[in-house]
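Thanks for coming. I have one structure to show today, and I will define the terms as I go.

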Amino acid sequence: MNAATLQGGILPALRSFALPIAILVLVGMMVVPVPTFLLDTFFIMNIIISLAVLMVALNAQKPLDFSAFPTVLLFATLFRLGLNVASTRVVLGHGHEGEAAAGHVIEAFGNFMIGGDYIVGLFVFAILIIINMIVVTKGAGRVSEVSARFTLDALPGKQMAIDADLNAGLITPEEAKARRVEVSTEADFYGAMDGSSKFVKGDAIAGLLILF
């Protein structure tokens, strides 16, 4: 099997099946009981993916350098929602069997949060929930909404500026076409980010309802 065969037939087929398989796995996590060792693995994967996305986003010079961010954010949120459902099922079903019954990751996080005092752990957890709901989620949603609105409002002006530069001979038709594509892609990016922020806000609310 040579490289041409891989690029021509096998790799495109794998890419076409990757999305449906990922969606089936996420749905299965919400329906089928997940063993504790798989739950620990998924939690570690979630942390690694979050750190990787954070590093890529921080190192991006322009928004379009990470144009797949809304899609990645959507699937990461779905993955976290599936983990919430799966971990809640394990805690409710096997929590009476011991501290490690729900997995070592949940046990370590619980011991770290509580710190030997349930009252202190409860207050710290409540503070984290308030920060997540009011500061992070609401603030990120507002920033995405305003950015999308200003980008869409500025779209006609940018298109007119490109036409003016083209008519003045400052740019070639190929450069004008590339700039139009970039402006359109940027508008689509901010629109997708606005929708993704709404999804993240819904995930935070769902996680809070699942907890209580």
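I will go from the whole chain to a few helices, then to ring pairs and a surface patch.

This is a predicted model, in which local features need pLDDT of at least 70 and side-chain atom pairs count only at pLDDT 80 or more, while totals for chains, interfaces and linings use all residues. Residues are numbered from 1 along each chain as its sequence is written, and side-chain values use heavy atoms, with hydrogens and water left out.

The protein chain has 6 helices and 0 strands. Helices here are DSSP runs of H or I with at least four residues, strands are runs of E with at least two, and both are numbered from the N terminus. Of its 212 residues, 20% count as buried. Buried means under 20% relative accessible area, exposed means over 50%, and partly exposed is in between, with a 1.4 Å probe and protein chains only. As for contacts, meaning heavy atoms within 4.5 Å, 74% of those between residues at least 6 apart in sequence join residues at least 24 apart.

Now helix 3, residues 69-94. Its 26 residues reach 36 Å from first C-alpha to last, close to the 38 Å expected at 1.5 Å a residue; the expected span is 1.5 Å times one less than the number of residues. Buried residues in helix 3 include Phe69, Phe79, Leu83 and Val90.

What does Asn46 touch, not counting residues up to four places away in sequence? The answer is Phe79, Arg80 and Leu83. Asn46 itself sits in helix 2, residues 36-59, and is buried, at 14% relative accessible area.

Next, aromatic pairs: the whole structure has 3. Rings of Phe, Tyr and Trp (its six-membered ring) pair if their centres lie within 6.5 Å; planes under 30 degrees apart are stacked, over 60 edge-to-face, and the rest tilted. Phe66 and Phe69 have ring centres 5.3 Å apart and planes at 40°, so this pair is tilted. Both residues, Phe66 and Phe69, are buried. For Phe189 and Tyr190 the centres are 5.5 Å apart and the planes at 75°, so that pair is edge-to-face. Phe189 and Tyr190 are both buried as well.

Ile131, in helix 5, residues 118-167, is partly exposed at 39% relative accessibility. Ile131 is one of the residues making a nonpolar surface patch of about 760 Å², with Val124, Ile127 and Leu128 also among them.

Conventions: Patch = residues over 30% accessible without salt bridge, like charges linked within 9 Å, V, L, I, M, F, W, Y side chains within 5 Å. Areas by Shrake-Rupley, 256 points an atom, 1.4 Å probe, with all protein chains shown as cover. Salt bridge = Lys/Arg side-chain N within 4 Å of Asp/Glu carboxyl O.
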